[in-house]
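Dear colleague,

I am handing over the structure below for your records.

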Amino acid sequence: DEVDRFAGAVGLQRLAHFPDLDAIRRSRLKKATLFEMESSPALEAVKAEYLRLAATLWAGTEPQTVAPMKDREIFDFLGFQ
């Protein structure tokens, strides 16, 4: 949620979302891609999202105009004192 809130504040559009799955963490520990891991329904959804993102990037995306924030603005935005 914080990533989406920040992206909206600076004018970015999210191109993909990858859930916090244990299989993703395990693939990093095993130094394997997700496509090499044992299949599960949740993992198949993540693989499909990676392939969708790759197709989107391959097809090209519209440039995004970003309104950068200064450090203090980011801290205030995130609620850090």
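The side chains of arginine 14 and aspartate 4 are joined by a polar contact of 3.4 Å. Please note from the outset that this is a predicted model. Arginine 14 has another such partner: a polar contact of 3.0 Å links its side chain to that of histidine 17. As for its setting, arginine 14 belongs to the loop between H1 and H2. With a relative accessibility of 43%, arginine 14 is classed as partly exposed, because that class covers values between 20% and 50%. Arginine 14 and valine 3 are eleven residues apart in sequence, and their C-alpha atoms are 8.8 Å apart in space.

Packing of H1 and H4

Helix H1 covers residues 2-10 and helix H4 covers residues 71-78. The two pack at an angle of about 135 degrees, and their axes are 11 Å apart. H1 and H4 are therefore oblique to each other, since an angle has to be over 145 degrees to count as roughly antiparallel. The crossing in which H1 passes H4 is right-handed. On the H1 side, the residues that meet H4 are Glu2, Arg5, Phe6 and Ala9; on the H4 side, they are Ile74, Phe77 and Leu78. Sorted by class, this contact has five nonpolar residues, two charged residues and no polar ones.

Two residues of H4 were examined individually. Leucine 78 lies in this helix, and its relative accessibility of 37% makes it partly exposed. When neighbours within four places in sequence are left aside, leucine 78 is in contact with Glu2 and Arg5. Leucine 78 and phenylalanine 6 are 72 residues apart in sequence, yet 8.5 Å separates their C-alpha atoms. Aspartate 76 is also located in H4, and at 49% relative accessibility it too counts as partly exposed. Aspartate 76 and glycine 60 are 16 residues apart in sequence, with a C-alpha to C-alpha distance of 34 Å.

Serine 27 is placed in helix H2. Its relative accessibility is 5%, so serine 27 counts as buried, the class for values under 20%. Residues up to four places away in sequence not being counted, serine 27 touches Ala32, Thr33, Leu34 and Met37.

Helix H2 spans 22-29, and lysine 31 sits in the loop between H2 and H3. Although lysine 31 is not a glycine, it has a positive phi of about 55 degrees. Lysine 31 is exposed, its relative accessible area being 76%.

What of the other lysine examined, lysine 47: in which helix is it found? Lysine 47 is part of helix H3, which comprises residues 41-59. At 10% relative accessibility, lysine 47 counts as buried. Its side chain makes a polar contact of 3.1 Å with the side chain of glutamate 44. Apart from neighbours within four places in sequence, lysine 47 is in contact with Leu34, Phe35 and Met37. Leu34 and Met37 are also among the residues that serine 27 touches.

With kind regards

Note on methods:
Residues are numbered from 1 along each chain as its sequence is written. This is a predicted model: local features need pLDDT of at least 70, side-chain atom pairs count only at pLDDT 80 or more; totals for chains, interfaces and linings use all residues. Side-chain values use heavy atoms; hydrogens and water are left out. Axes are lines fitted to C-alpha atoms, for helices over the stretch in contact, and angles run from 0 to 180 degrees between N-to-C directions. Helices (H or I, at least four residues) and strands (E, at least two) are DSSP runs, numbered from the N terminus. Angles under 35 degrees count as roughly parallel, over 145 as roughly antiparallel, 65 to 115 as roughly perpendicular and the rest as oblique. A crossing is left-handed if the near helix is turned anticlockwise from the far one by less than a right angle, and right-handed if clockwise. Contact means heavy atoms within 4.5 Å. Ala, Val, Leu, Ile, Met, Phe, Trp, Tyr, Cys and Pro count as nonpolar, Asp, Glu, Lys and Arg as charged, and the others, Gly among them, as polar. Buried means under 20% relative accessible area, exposed over 50%, partly exposed in between (1.4 Å probe, protein chains only). A polar contact is a pair of N or O atoms within 3.5 Å; within protein, one must be able to donate a hydrogen and the other to accept it, and residues adjacent in sequence count only if both atoms are side-chain atoms.
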